[in-house]
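Please look through the sequence and the model shown here before reading on. The report that follows takes up a few places in turn and describes what surrounds each of them.

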Amino acid sequence: MNNAQILDAQKSFDQKLGTFIWPYSYGLTDSQKTHELLDKSFARMAELGLNYCVLGMTYANLSRDGLNNYHASTEPINQYAIESALRNDVIPIVSYGMWAMTDFDQDIFNHDQQTFLNAIAEIHCRLIRRYKGRQVLWEGLNEPDNGATPWFDNEGAIDPTRVRQIVQLNTRMAKQVKQDPAMMYFGGNLFTYPAASSDGVDYWQPYFDDGMLVDSDAFANHPYGNKYYWQGKPEFVFDKWNPATYAPIKGMPYVSTEYGYTRDEFDDTTVANYITRQSVLLDAMGYSLFTVYGFDMSGASPWSMVNADGSYNQTSTQLLNLRDKLTGYHFDHWISDKIGGLWAARYLGPNSDEKVVYWVQDSELDATITFLNGQSLSVHATNTAKITASQPVQDVLDGDFLAKTRANVIGTQETLASMQRLIMSRMNDSNVPVPDTIKIRPNGDRGTYRWLVTLPQQIESNVNAMIDWFNTKQLPWYHMPENQPMQHIQLRAVHSLWLGNRVKQIWSQNWLIVHDTLHQMQDILKQRKLVD
């Protein structure tokens, strides 16, 4: 899987799933026992078809050889973990933090925090350079917004000086990563969603304001559930961690590099149910990948998705069974009212077929699911995610319709871009909006149907941005009756893509709205003699 495919939020469920490992089950000193556990763990991940593994790394027992050459006792373990993952064709995502700081490290940190952070940056950049040209993904400092970390309390997590130090540290790592096209950098690595923090403090925005995501390929976050928030139910992510409602940088991919539940708080069945449901929710919200915390074959962790011998526990049995049934299937859309009732997610498959994943948050519910081919199925939904058998669908969106749609998209984009260039040259206004790029899907592309679903919003966004500029300059008031500003366009959305004639009718109406609005803009510019 190349980097573009990793960031593709429209890929199938099975291509998004990964896990997390803490490489120090047998201590912070390199040993043959640690090597054997890592090799066994990554080999088992490969057998299970897990694509990615976050490596939770630390730098302990810092020492200095010369003026600026820092070392840590854990460096050999860190290197071995990355190499073991690569040997087993598991894509490593390196997340660095200081969760295992020794008293010695803490003394350095307390004496001179900036020197300590510089040392960590130096060690980490050296590790990045070591894997030049290899597909290793990297993250920012682990959960700087988490008041439970050894180097912060809650107040310190958003102290302006500390925030600036952390952002500068992350920026140094990011710029090192960006020198190598084989690698990617996931910024953020944040823990506490603003609206979900227990004290009502926004722990994210100070980092965004200081530029934490500027050099990032994706925004990484950790949507953990716990018994104190939504009573632990994973559906909280749909409300609070949704790229559609919270986008720190417009269009930046979302990745979840940690999520899960611990058997210290919930029983085995509840943990399995919650993790499986949360995985579907993250997929449906458009996360490009999600890695379950965690994978521990030492037998010590209540978070582990496998037993000490690598066999399935209840979590992995349920999650990987769903993964197997959704291999090659990508999320299409929700077909239910969700909160308060049935959660039902439609998935489209590679053979013109569909499956539906469904559950309820609490209790039980008898419901009816209607498939795209008109067939209905009575189901008994519980708080365990279930999946229907495959149902065939008839694709009536013919090649001619798709070709005309692509031509209209290209024509709209070219018209907006042409207006933007003319306005800049005639008015010398650099604030005129540049239309966002809309990807054109070729025939047979797995993402074509999702593209048609998201297309109205993309077209609206580009056209309405230009309308806003017109209104700000009061250009429409010169031309339109009663000196009124232009109104935003609103295109009709498409949900059931196999209802071909209805889809064609909707898009015919949408394109009339778009074309009329573009002609109106051009007429206004001619009236103002801004174009010939």
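## The surroundings of Val360

Leaving aside its neighbours within four places in sequence, Val360 is in contact (heavy atoms within 4.5 Å) with Arg277, Gly341, Leu342, Leu365, Ala381, Thr382 and Asn383. This is a predicted model, in which local features need pLDDT of at least 70 and side-chain atom pairs count only at pLDDT 80 or more, while totals for chains, interfaces and linings use all residues. Residues are numbered from 1 along each chain as its sequence is written, and side-chain values use heavy atoms, with hydrogens and water left out.

Val360 has its place in strand β13; helices (H or I, at least four residues) and strands (E, at least two) are DSSP runs, numbered from the N terminus. With a relative accessible area of 4%, Val360 is buried, a word that stands for under 20% relative accessible area, as against exposed for over 50% and partly exposed in between (1.4 Å probe, protein chains only). From C-alpha to C-alpha, Val360 and Ala385 are 8.1 Å apart in space, although 25 residues separate them in sequence.

How many of the residues of strand β1 are buried? Five of the five residues of β1 (residues 17–21) are buried, so the strand is largely enclosed by the rest of the structure. Leu17, Thr19 and Ile21 point one way from β1, whereas Gly18 and Phe20 point the other way, and all are buried.

Two strands pair if DSSP finds at least two bridges between them. By that rule β1 pairs with β10 in the parallel sense over three bridges, and β1 also pairs in the parallel sense with strand β2 (residues 52–58), over four bridges. Thr19 takes part in both pairings, with Val292 as its bridge partner in β10 and Cys53 as its bridge partner in β2. Together β1, helix α2 (residues 32–48) and β2 make a right-handed β-α-β unit; a crossover is right-handed if, with the strands pointing away from the viewer, the path from the first strand over the helix to the second runs clockwise.

Cys53, the partner of Thr19 in β2, counts as buried at 0% relative accessibility, and Cys125 counts as buried at 3%. A search of the whole structure finds zero disulfides (a disulfide being a pair of cysteine sulfur atoms within 2.5 Å).

## Aromatic rings

The structure holds 24 aromatic pairs. Rings of Phe, Tyr and Trp (its six-membered ring) pair if their centres lie within 6.5 Å, and planes under 30 degrees apart count as stacked, over 60 as edge-to-face and the rest as tilted.

Trp343 is buried at 0% relative accessibility, and Trp359 is buried with a relative accessible area of 0%.

A charge sits over a ring if NZ of Lys or CZ of Arg is within 6 Å of the ring centre and within 35 degrees of the ring normal. Lys33 lies over the face of Tyr26, at 4.3 Å from the ring centre, while the charged end of Arg87 sits over the ring of Tyr80, 5.2 Å from its centre.

## Points in the backbone

Which peptide bond is cis? The bond from Tyr293 to Gly294 is cis, with omega near 5°, and Gly294 is found in the loop between β10 (289–292) and α11 (314–325).

Glu143, a residue other than glycine, has a positive phi near 45°; Glu143 lies in the loop between β6 (137–141) and α6 (154–157) and counts as buried at 4% relative accessibility. Asn189 likewise has a positive phi, near 55°, but its place is in strand β7 (residues 184–190), where Asn189 counts as buried at 0% relative accessibility.
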